[in-house]
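I open this notebook to record what I looked up in the structure. The entries follow in the order of my reading.

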Amino acid sequence: MCHVIVTCRSMLWTLLSIVVAFAELIAFMSADWLIGKAKTRGSVEPDEPSSGPSEPYHPTLGIYARCIRNPGVQHVPRETLCGPYAENFGEIASGFWQATAIFLAVGIFILCMVALVSVFTMCVQSIMKKSIFNVCGLLQGIAGLFLILGLILYPAGWGCQKAIAYCGHYASAYKPGDCSLGWAFYTAIGGTVLTFICAIFSAQAEIATSSDKVQEEIEEGKNLICLL
């Protein structure tokens, strides 16, 4: 019979695991890793009569995606267009970014699997006499290592031609030139830190769900156990 065990620490670990997985996935898919140097409306269409002051904007570049301002035509407003610049893996701008994509993809896949499993830990706490919390914590630690490798390699690709086109000729490995770092890069770093926090916190979730009080309530025949 399934005993549903809910504790504050296990619920917090589950929520953090889900948040971390989604945060890393969103960051990976985003084009806001590098924010390019400002461009103006006039620089896109210099022959168009100016109807007002120039409207600067910042193109952005991700691992495999980018956001640019379309030039627009008469009666059609300009808008920012976002999408992948690489149609396949081989077209990613830098070999370092290709490695980054692999490491991040592996790490995110593991995090998503852990997030899925974490939902069921309220009912199932062990498989083959192994604690699910401990196994998931170990997997989160491994995922964190993959994420760190990806984030370390990513700045090494700032010297590629694609990055130079966005960041100027002063851009080189680990030097973003005229670019600034976007929210996606910081989100990926924050998600990596939280990944290791989740890995550590999984041990606390295991302790909470296997405490003497939980065992006593199971022996009393309770199927739903909620503890603070």
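**Entry 1: disulfides**

I looked up the cysteines and found a disulfide (a pair of cysteine sulfur atoms within 2.5 Å) that joins C167 to C179, with 1.9 Å from S to S. I note that this is a predicted model, in which local features need pLDDT of at least 70, side-chain atom pairs count only at pLDDT 80 or more, and totals for chains, interfaces and linings use all residues. Residues are numbered from 1 along each chain as its sequence is written, and side-chain values use heavy atoms, with hydrogens and water left out.

The link of C167 and C179 is left-handed, with -90° about the S-S bond. It connects distant parts of the chain, twelve residues apart: C167 is in helix α5 and C179 in the loop between α5 and β8 (180-181). Helices (H or I, at least four residues) and strands (E, at least two) are DSSP runs, numbered from the N terminus. C167 is buried at a relative accessible area of 2%, and C179 is buried at 7%. Here buried means under 20% relative accessible area, exposed over 50% and partly exposed in between, with a 1.4 Å probe and protein chains only. C160 is in no disulfide; the nearest cysteine sulfur, that of C167, is 8.6 Å away.

My search of the whole structure gave two disulfides. The one between C67 and C82 also has 1.9 Å from S to S. Its torsion about the S-S bond is about 115°, so I recorded it as right-handed. C67 counts as buried at 11% relative accessibility, whereas C82 is exposed at 53%.

**Entry 2: aromatic rings**

How many aromatic pairs does a search of the whole structure find? I found nine, counting rings of Phe, Tyr and Trp (its six-membered ring) with centres within 6.5 Å; planes under 30 degrees apart are stacked, over 60 edge-to-face and the rest tilted. W13 and F133 form an edge-to-face pair, 5.4 Å centre to centre with 65° between the planes. W13 lies in helix α1 and F133 in helix α4, so the pair ties together parts that are 120 residues apart in sequence. Both W13 and F133 are buried.

I also noted one aromatic cluster, formed by W33, W97, Y154, W158, F185 and Y186.

**Entry 3: the core**
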